[in-house]
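Visitor: I'd like a close look at a single part of this model. Could you walk me through it?

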Amino acid sequence: MENCKEAGLTRSIGVSNFNRRQLELIINKPGLQYKPVCNQVECHPYLNQSKLLNFCKSKDIVLVAFGALGFDMEKEWISKNLPGLLQDPVIKAIADKHGRTPAQVALRYQLQRGLVVLAKSFNEKRMRENLQVFDFQLTAEDMETLDGLDRNIRYLQETDFRDDPNYPFFDEY
C-alpha cells in the first residue's frame with residue numbers, strides 16, 4: 001500500500017476491522033512511511049468501541065463506523081436472536097425527545113463522538129432523513145445514556161476468517 005501511495009495511486013491508506021494490537025503492529029513497524037489514516041469497524045450504540053475509539057484518537061487515526069444503524073435482521077448472515085438497534089426503547093425515547101427518528105439519533109451519537117459514519121439505505125426517504133443530523137445536538141445526558149447501551153453485540157460475525165492467525169479480530173479493543 002505504501003508503494004501505491006508513493007506512485008500516486010492513492011491519497012491515503014486505511015484499514016478495516018483492526019483491533020488495537022493489530023494497529024500497533026503497523027504503527028510500530030520499522031521503516032513505516034505512512035500509518036493508516038482510518039480504521040473502519042462495526043460500531044453502533046450496542047457496540048460503541050469506546051476503547052478502540054480513544055486509542056485511534058490518540059494515534060490520529062479516524063474511526064469509521066459501519067453498521068451504525070444496526071443491520072437488517074432478515075439477512076441470513078445476521079444472528080436472529082440479537083435485538084434490533086432501531087427498535088430500542090431508549091433510542092426511541094431520545095428520538096421522540098428531539099423530534100427525530102431513531103436512525104438520526106444513532107447517527108448523531110457517532111458524529112458527536114468524532115467518528116465518520118457510513119449509513120446504507122436504498123430508500124430515498126431514509127437517505128434524506130440520514131442527512132438531517134447536522135442541525136441538532138444530543139445532550140451530555142443523552143450521550144451518557146447511549147454510552148450505557150453498549151452490550152458488545154456484533155451483528156456481523158466474521159466467521160470466514162477463523163483460520164487467520166489474528167482471529168478473532170476483536171479479542172482486544
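Which residues form a negative surface patch?

Guide: Glu141, Glu144, Asp147 and Asp150 form it. Before going on, note that this is a predicted model: local features need pLDDT of at least 70, side-chain atom pairs count only at pLDDT 80 or more, and totals for chains, interfaces and linings use all residues. Residues are numbered from 1 along each chain as its sequence is written, and side-chain values use heavy atoms, with hydrogens and water left out.

A patch here takes residues with over 30% relative accessible area and no salt bridge, like charges being joined within 9 Å. A salt bridge is a side-chain nitrogen of Lys or Arg within 4 Å of a carboxyl oxygen of Asp or Glu.

Take Asp147: it lies in helix 7, which covers residues 140–147 (helices are DSSP runs of H or I with at least four residues, strands are E runs with at least two, numbered from the N terminus). Asp147 is partly exposed because its relative accessible area is 36%; buried means under 20%, exposed over 50%, and partly exposed in between, with a 1.4 Å probe and protein chains only.

Zooming out, the protein has 7 helices and 4 strands, in the order α-β-α-β-α-β-α-α-β-α-α along the sequence. Of its 173 residues, 36% are buried.

As for the cysteines, there are 0 disulfides, a disulfide being a pair of cysteine sulfur atoms within 2.5 Å. Cys56 is in none, and the nearest cysteine sulfur, from Cys38, sits 9.5 Å away. Cys56 counts as buried because its relative accessibility is 0%, while Cys4, at 30%, counts as partly exposed.

Note on methods
Patches are made of residues with over 30% relative accessible area and no salt bridge: like charges are joined within 9 Å, nonpolar side chains (Val, Leu, Ile, Met, Phe, Trp, Tyr) within 5 Å. Accessible areas come from the Shrake-Rupley method with a 1.4 Å probe; for residues, only the protein chains shown count as cover. Lys and Arg count as positive and Asp and Glu as negative; His and the chain ends are not counted. The place of a charge is taken as NZ of Lys, CZ of Arg, CG of Asp or CD of Glu.
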